[in-house]
Each structure stands twice: as C-alpha cells, then as structure tokens.
Amino acid sequence: MKSLLLGNEALAQGSIDAGLSGVYAYPGTPSTEITEYIQKSKLAKELKIHTTWSVNEKTAMEAALGMSYVGKRSMVVMKHVGLNVASDVFMNMAVSGINGGLVVVVADDPSMHSSQNEQDSRFYGKFAMIPTLEPSNQQEAYDLMLYAFDLSEELKLPVLLRMVTRLSHSRAGINVKERHHQNEINLPLDTSRFALLPMNARRQFDLLVNKQGTLIELSEKSEFNKLKLGDQNGIGIIACGIAYNYVMENIGEDESSYSILKVSQYPLPREKVMALYQHCDKILVIEEGYPVVEELLHNYFDENDKIKGKLSGDLPRTGELNPTIVGKILGLKEESVKPIPSVVTPRPPQLCEGCGHTDLFNTINEVVADLENKSVFGDIGCYALGALPPLNTINALIDMGASITMAKGAADAGLENAIAVIGDSTFTHSGMTGLLDAVYENSPITVIISDNSAIAMTGAQESTAVGRLHKICLGIGVQPEHLKTMVPLKKNHGQNVEVLQNELKYKGVSVIISERPCVRLSREQKKEIKAKIESLN
Amino acid sequence: MKTNIILSGVGGQGILTIAAVLDTAALSENLFIKQSEVHGMSQRGGAVQSHVRISDKEIFSDLIPEGKADLILSVEPMELLRYLPFLKEDGWLVTDSEPFVNTNNYPDKNDLFDQIKKHPNNIIINATEIAKSIGNSKAANMVLLGAASATLPLSEESLLAAITELFQHKSERITNLNREAFFEGKKVAEDFTNLATKK
C-alpha cells in the first residue's frame, strides 16, 4: 500500500532514501515537518542521520556544507525568509561547489499564511546560478529528492529545491523506491576550491559561469520538464511546479488538445520554451510566487503582448494561486458561487489560553500607558500576536532579531523608552549579536526575553536557549544588576510592573528574562527542560 | 467518482483527526486521496480548514475549486459558513451547533443557523452535547463524522476500521467511545433528516 505523506514528509523520505547523512535546519512554517519527519524516522536513527536543530539557518547551511565537504550527502531546510539569513554561505558555496551531494530545501509561503513576505526562492536559485527544482506534487517531491542528490554530485554544485505551503502541507499516497547507500568519508582532492581567496574565487566563479550551458542542457532533457504540443495552437501554457496541478485540474479530459510546458527544473529549458512559443499565438505563464518565468520570457522575446501572466495583469500579482483562479484565466466555465454570509466575522489567530506572553504584555501595557516617547519593538514568534487586538502591545515587527537592533537605533536617535521583546529561541537565532552592539555602546534599551523554553509557534521544538540565557547575557556583557528575571503570572503583575519601570529608568542596557514554559509543552517535555536547566546551571 | 470535502473549525478542535479517518479509510479502499491542512500561525485559535479529495482516478489539485465541494463538515457553525463559496449547488452542510466563541464580535448563533438552513441539505446537531453524554467530550468530531457518513463515498466498515486503527494506541476504552460517538452521530443525523423531510 502507498504511504500517505505530506509533501514535506514525502520529500524527507526521499532524502533518507537518497542516502542522506545529515539534515540541518531551523524550524519555520511551512518547512518544519521535513526535519521532524527525519527526527522521528526509525530508519534515520539506524542510519545515524544527523537531525538536531541548528541555532539558525546560516549555521545550519554551513554545517551541511561541512558534511558535504567530507563527501557525505547533506540537506539543509528552511522557510523562504530563512534563506535571507543563510544567503552569505548560499551564494559562496555555489562558487566553491560542493563535494558530497548537498540539497537546499526552501519552503516559500505565497499568501503569507505564516510569514512576513512572499519572496520567491527561485530568484535565489538564479542569483546563485545553481539548478533549482520545483515539484508539482507529493510523488514528485519524493522523486526529485533522489534526482537532486545525483544532480548535485554530478555538477558538484548545491541544488535548490523549492516547496510552497500548499504542497508542503497536503497529503497524498506515495510510492517509495529502493534506498541509495550513504556515502563514506571522502575528502575533496583539491581543497583550494573551498578556500575562497580572490585568486581561487575568480577561478571558481569562472567555472560556475561556464557550467551554465550544462545546466540548461540538463533542464532541456530533464524528465521533470515536459513539453506537449497539442492540437490547440491558440494558447500555450507554461505551468511551473504546483501550478501544473491547477492547470490539469481544469483541463482534465481535454488534456490532449492543449499545448503545455510543465516546468519543474530551472534554469528554464530554453529550446522547449521556443518550441511552445512558435507553436502558439499566446503564452500563458502560470507560476506560484513572483513572475520569475514571465520576466525571463520578456527578455527572450520582443512581442511582449503575446505573453500573459502576473505582469500583464491576467493573474493576480499577490497571493497564492488556486484552481478557481487558474480556471478563470483559462477561460473555462465558472461555477455559480455562493457568497460568505455577512454574519460571518473574522477569526484571527490568538495567543493560547493561559499563555505567559499575555501576562507579559499586560505588564508592558500598564507600564507604557503612562510613558511618552516610547515604542515596543517585537520579534518573530507566537508573541508577534501581541501586535494585534486586544493586546496591541507591539509596534514594529520585521525579522528575526530586529527587536533589539531596532530598539538600539531608535534609542540612538533619542527615543527615551525603547523596549525590545524577543523570544528565547529568536534571541539565540539572531538576537545575541545585536545585544552585543547595544552593550558595546551601553545603549539605553530594555530588552525583554520572553522565555517559554520552546520554539513554540512551529510546534514547540527544543530551543537552544534552554538553560543558557543568563550566562549568554552576562557573557555578552550585560551588567549583572541590570539582568533581571520575572515570572509572568497574574499574581506577580505588581512586582513585574515595578521591575520594568525601574529598568526603563536606567539609561543603559537592561535585560529582563520573563520565564514561563509554553502551555503547549507536554508534561514530559517540561520535565526534560527542567532537567536540562538544572544540568547546565 | 470524485468527492470533495471541506472540514472546518478552529485551530485545536480536532478536524485533522476527521481528516486522518477519511484518509485511512480511502486508502484502505484503494482510492486516490489528497488532503491539505493548515499548520503554523492560524493553528493558534484561528480559523482552520482542510480540503479532502477522494477519487477513483488521479487527483491533481490539492485545493478544491470554488463551487465544487460535496460536503462541508464543520465542528463549529460560523466556520461552516466561512467556506460556503466552495459548496456545490446540491452539496451537504453538516455542523456542530455549539459555537466556539473566542472573539468579541461573534454573531448570534440563531443568525448563523438561519443562514445554514437556507440550504436544503443541512444537518445541524449538538455533537458536543452528544459526545459529553456518552462520556467523551473530545469525540464530538467522531459524532459529526458519523452524522455525515451517509454522504461519504466510503463504506461504514472502512470508516470504523480507520477509527480503530487511529485510536487503538490510546486504549480500547477510547477506541470504543469514538466508535460509539460515530454511531450516535449517524443515528441523530438520520432522525434529523427524517424530521426535515416530514416538515
């Protein structure tokens, strides 16, 4: 019987079956289940596959590169904005090349179900000049993983595999294949390509540029890029990744009459695109995310009005695609649709009942109510919901770690009451370096680390901060008398207000650690965390 | 044969368990299945839905097109109405009558019921109460699955086998309570629909 797997799980199983030796990742919706699946896999345990979470996406990618350097197959997994954090090593390992197969899995979040932007990782693939794969369904997510590792070793380049939320979080039956053996340690013969001094880097960059022709040839003959020229030569469809499913859903049994180029491997197979272009009067580009392919087509051809898609305004420029939108652009019959009754009201997400963040926000709200010249800089995690009613505590929310550094910049500019609110795991991910900036100048900011001992938003994964926050803050140079602790409970509200008031009066760096475990943690998890804290202190 | 089902509710109400029963039953009948779900931020007390598609042929889209759902099965009445644009002309609406109120502008529940009753094929039952009466308030989702079972393309045997498969690791008692919840839901729905036709 087929196994019923999420797109993310299919991909994870594919990586195990491709002979993976290690996965490195930081949790982030919609990518989290990939690593979790391997962590739970008995087979992965037997094969001693490394699965422990990393501190952030950059450290994860560098560790994956280290594993690849010694010749083993490694994978690094993140959400789209995580690739911004890892982009330094991402761009440079395209130049150095890899040794053991290395696949970078990035899950984009069109429609921003759980994200701050809709950035399209295919741009990064093009930017780094490496092959980029984009599965159209769960089975292909599995199959592409096996292919990606072979491709990576063949080209000696990292391969980018782009997922999108809908595919990551949708299940289907999967057929699995025979498992590939794990690689043995096999150090690179020439290590100079990994030492990117200018003279080596120039040579390597030339090599990368010269490989581009090969990359296009491979896309041309890839079994994952299929061109079918049908009887109809009016509209030619280019369907990328999951968009192919929305096209097929709509044309169903009329398939043979349509001309379709399915794209799941980039760089774009140029000859196939040309063939479709010559066969058809009009080209419809259907792609999830940014108009990456549509823009390329505008570069290829002069008759720009022949190309339809997001840039031409035929498809919505923002938000994710769905079968209804694609049906409309294909000009197919529309169903009569009932409206949502006006009695229905929105139900936005909110903090869980009994969540410690809520008590913390109540404390902050009481303190800042009496202050002028104030702002609360928030960060990424469950507590971001503190920017919404009824709490309305947080004023700014940009990226992992920005709370501390934005507060510092605002304080530099003269803001008297600059408060940063950051979670424990976000602090170790990207807050520590910013705190050192603030300590270095003794900037007048008050940093509250809302420590719930978990990476809560993505499902309460283990946080690298557990048991280490005090020592980290002292080590960075926070003055012991301005490193405070509070427990955000109703009964402590009065004394917590006082602590925050006092630290705001201090015109230097204060850190308040607000400690209360996430209500979503199980009793066993809480016990483990307690034991860990005791063993570390 | 292709059946499109939307499951809806509020994060944490157990719609993914209903989805898991449908998936397991469909696979055991060698059918194709696609089932999308919501992870991440919305799970925190927000509106969540799952699209479940079951067919004897390959399924392409993970999402159901608007106007193509045969059934919207909701564990909460307002969340049922949120997905009305997906309902087929002759599709079924099945919901728990018990509101989950976590916003300060939640509508009057009778206004919700009025909207639901505008559609001829509806089943509104107090699944929460039924589940409580058999001694497992968490089994409201299985009560609703039982209530909707007559509209599904899956046999009762495979649905029950799936319930057993999914709950047996907990305990025999919990497995039986969930099976009982399924039967209670089925029975109440039969009474409800008979009543509706008589009227």
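The model is predicted: local features need pLDDT of at least 70, side-chain atom pairs count only at pLDDT 80 or more, and totals for chains, interfaces and linings use all residues. Residues are numbered from 1 along each chain as its sequence is written, while chains are lettered from A and ligands numbered from 1 in the order in which they are written.

Start with helix H1 of chain A, residues 7-17. Helices here are DSSP runs of H or I, at least four residues, and strands are runs of E, at least two, numbered from the N terminus. Ten of the eleven residues of H1(A) are buried, so the helix is largely enclosed by the rest of the structure. Buried means 20 or more other C-beta atoms within 10 Å of the residue's own, exposed means 12 or fewer, and partly exposed is in between; C-beta atoms are placed from the backbone. Among the buried ones are A:Leu11 and A:Ile16. Just after H1(A), A:Gly19 takes a positive phi of about 90 degrees.

Now chain B. Where does B:Gly67 lie? In the loop between strand E3 (47-55) and strand E4 (69-74) of chain B. B:Gly67 is partly exposed, with 18 other C-beta atoms within 10 Å. What does B:Gly67 contact, leaving aside its neighbours within four places in sequence? A:Glu335, A:Ser336, A:Val337, B:Phe86 and B:Lys88. Contact means C-beta atoms, placed from the backbone, within 7 Å. B:Phe86 is 19 residues from B:Gly67 in sequence, yet their C-alpha atoms are 4.4 Å apart.

Notes: Two residues are in contact if their C-beta atoms, placed from the backbone, lie within 7 Å.
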